Protein chains: 2
Amino acid sequence: MPKLWTETIDAHRAAVRDAAMDAMAALVAKHGLVAVTMSQIAEQAGIGRATLYKYFPDARAVLTAWHERQITAHLDQLTAAVDPAAPAIARLNTVLHTYAHIQHHSARHHGGELAALLHRSEHVDHAQQRLRDFVQQLIAEAVHAGDLRDDVATDELATYCLHALTAAGTMSSHEAVHRLVTVTLAGLTARRP
Amino acid sequence: MPKLWTETIDAHRAAVRDAAMDAMAALVAKHGLVAVTMSQIAEQAGIGRATLYKYFPDARAVLTAWHERQITAHLDQLTAAVDPAAPAIARLNTVLHTYAHIQHHSARHHGGELAALLHRSEHVDHAQQRLRDFVQQLIAEAVHAGDLRDDVATDELATYCLHALTAAGTMSSHEAVHRLVTVTLAGLTARRP
């Protein structure tokens, strides 16, 4: 049974929400996404069904909240992976590798089904935009340093990168994901005649 | 009113099916995908509602058939674009440009909505496989000719290409699509130290 009796009301609320989301994630991992009910989530989280309904109107809302938390965690993971003292090209390399491995891992665990359910929801658009901005900023710095091609706009290069790296979801091994990042980065590299 | 009185029964059937699919395409372009009914399709195709039901159980089946026909037409367009006498790298270049422009055009016209409805259906998987095989074969020939990198397996390079080029759906102009293909091809190019 999770510890819900924390100091403040806010922390208590966050703990209930987190418990529900953790429960959702566990249930989804076990049964797939379609079959999960509010009763199951409440039971798994060790909270009352009535309490759960105070926080989420339905199972889909728990799923969306869980997905939002996942995405935020992934974005934090991407930014944390970067050594701020490293040159832009090295930071970009790290971020693209991290992103590709997240794609690879996510696709293994809840690829098509989750994508179909959550596709084009608002929080995904928002997170995608943050990610794009982050990658574009790194690309712009690396172009400025002369390490990447300057004949294509940085927003187009960022879009190319992120689409190319979705291929990581279909790759069979970590080595293949690594090669995908190498190939994708090669597309960004400045051509010098 | 379309000409349905053709010579043979097979041709007649094909004509009815085509008329229904054309009607679907016209209705979708006008009203979006969700709102289209069997009655509307029959009326637009100039055939009876009872006749339409002999060919398709519901509007979704017409949509799927239409999508299948679109995809086949796109694959034919890709193979037809290629000059068999040209070097593999030139053929690959042509195919990737053609594919990227199809992606660009399709996304403009029925991107998210259609993708969500038809995502992961069997005929899409089949067509994707044919496309992948076709692109992989061209890449393999170009690698053999020494025009592309040989340090990554050709199936991985094909997967990279097709994912990168889905970015064409989000590009704002034909010039941007062209640059995307250039960048994607650069990723495939052999590195010589």
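Helix H8 of chain B supplies the largest share of the lining of the largest cavity, four residues; helices are DSSP runs of H or I of at least four residues, numbered from the N terminus. The model is predicted, with local features needing pLDDT of at least 70, side-chain atom pairs counting only at pLDDT 80 or more, and totals for chains, interfaces and linings using all residues. Residues are numbered from 1 along each chain as its sequence is written, chains are lettered from A in the order in which they are written, and side-chain values use heavy atoms, without hydrogens and water.

The structure holds one cavity of 30 Å³ or more. A cavity is a set of points, on a 1 Å grid over the protein atoms alone, where a 1.4 Å probe fits but cannot get out, and lining residues have an atom within 4 Å of a point. The volume is the space filled by probe spheres set on the points, which are joined across faces, edges and corners.

| Property of the largest cavity | Value |
|---|---|
| Volume | about 30 Å³ |
| Lining residues, chain A | A:Val152, A:Glu156, A:Leu157, A:Tyr160 |
| Lining residues, chain B | B:Met171, B:Ala176, B:Arg179, B:Leu180, B:Val183 |

Two or more lining residues each come from helix H7 (154-165) of chain A and helix H8 (174-188) of chain B.

Chain A can be laid on chain B with an RMSD of 0.0 Å by a turn of 180° and a shift of 0.0 Å along the axis, superposed by least squares on the C-alpha atoms of residues with pLDDT of at least 70 in both. This is the relation of a two-fold axis. The copies meet through the same surface, because 100% of the interface residues of chain A are also interface residues in chain B; contact means heavy atoms within 4.5 Å.

How values were computed
1 Å grid on protein atoms, 1.4 Å probe; cavity = no way out; pocket = protein on both sides within 12 Å on 5 of 7 lines; lining within 4 Å.
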